[in-house]
Amino acid sequence: MTAQPELKTARLALRPRRLADLDAIATMNADPEVMRYIAPLGDPAMGRDGIAARSFTHLARGLGYWSVFPATETHDVIDAELIGYVGLIPDGEAQQQVQLSYRFATRHWGQGHGFEAVSRLLRHGFETLALPEIVIVTHPQNAASLRLAEKLGFEPALRQAETLIGAPPVVATRLRLERPR
């Protein structure tokens, strides 16, 4: 599989990331609340060029990022406001393992968008891509991310890689979810 499909939920449209989305994502990454548990503000990896450098590198495997927009009756999201994004990306150097990534603009927090978008992407990962498991790597103090992971059924990963996250950096919490049998 080389092309990412568009994914839909009752309220959301998940569209494969486009170059036109990069400025909105960079703006979201400049919000101190959004980045609180992720990276320091001004981190070049979180700016437009850093986002562009990693956005389209895993498409041949069916992995990558989906931009999340409100669904409309026509599902035309060209002019819609970006709510956030979700992604399935390789987990560090372990190319066979896949990590779930998600980030939403603060004004969309607390509305269930994260759960809805991530649930749809997990279904795609397990059913379409036949991934055996998906991991989440998050800051141990990011209560909202930890609640979402728990609600989705993620459990602590047995192997704790020494991944650092945040500013100042701390060892990240790793969680995993196996493909339903």
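How many aromatic pairs does a search of the whole structure find?

1. The search of this predicted model finds one aromatic pair. Its members are Tyr 65 and Tyr 85, whose arrangement is edge-to-face, with 5.5 Å centre to centre and 80 degrees between the planes. The angle exceeds the cut-off, since planes over 60 degrees apart count as edge-to-face.

2. Tyr 65 belongs to strand S3 (residues 64-70) and Tyr 85 to strand S4 (residues 84-91), so the pair ties together parts that are 20 residues apart in sequence. Tyr 65 counts as buried because its relative accessibility is 6%. Tyr 85 is likewise buried, at 4% relative accessibility.

3. Helix H1 (residues 22-29) and helix H3 (residues 48-55) have axes that come within 9 Å and cross at roughly 120 degrees. The two helices are therefore oblique to each other, and their crossing is right-handed.

4. On the H1 side, the contact is made by Leu 22, Asp 23, Ile 25, Ala 26 and Asn 29. H3 contributes Arg 48, Ile 51, Ala 52 and Ser 55. By class, the residues of this contact divide into five nonpolar, two polar and two charged.

5. Glu 116 is placed in helix H4 (residues 113-128). With a relative accessibility of 16%, Glu 116 counts as buried, because the cut-off for that class is under 20%. Leaving aside residues up to four places away in sequence, Glu 116 touches Thr 9, Ala 10, Arg 11 and Leu 12.

How values were computed:
Residues are numbered from 1 along each chain as its sequence is written. This is a predicted model: local features need pLDDT of at least 70, side-chain atom pairs count only at pLDDT 80 or more; totals for chains, interfaces and linings use all residues. Side-chain values use heavy atoms; hydrogens and water are left out. Helices (H or I, at least four residues) and strands (E, at least two) are DSSP runs, numbered from the N terminus. Buried means under 20% relative accessible area, exposed over 50%, partly exposed in between (1.4 Å probe, protein chains only). Contact means heavy atoms within 4.5 Å. Axes are lines fitted to C-alpha atoms, for helices over the stretch in contact, and angles run from 0 to 180 degrees between N-to-C directions. Angles under 35 degrees count as roughly parallel, over 145 as roughly antiparallel, 65 to 115 as roughly perpendicular and the rest as oblique. A crossing is left-handed if the near helix is turned anticlockwise from the far one by less than a right angle, and right-handed if clockwise. Ala, Val, Leu, Ile, Met, Phe, Trp, Tyr, Cys and Pro count as nonpolar, Asp, Glu, Lys and Arg as charged, and the others, Gly among them, as polar. Rings of Phe, Tyr and Trp (its six-membered ring) pair if their centres lie within 6.5 Å; planes under 30 degrees apart count as stacked, over 60 as edge-to-face and the rest as tilted.
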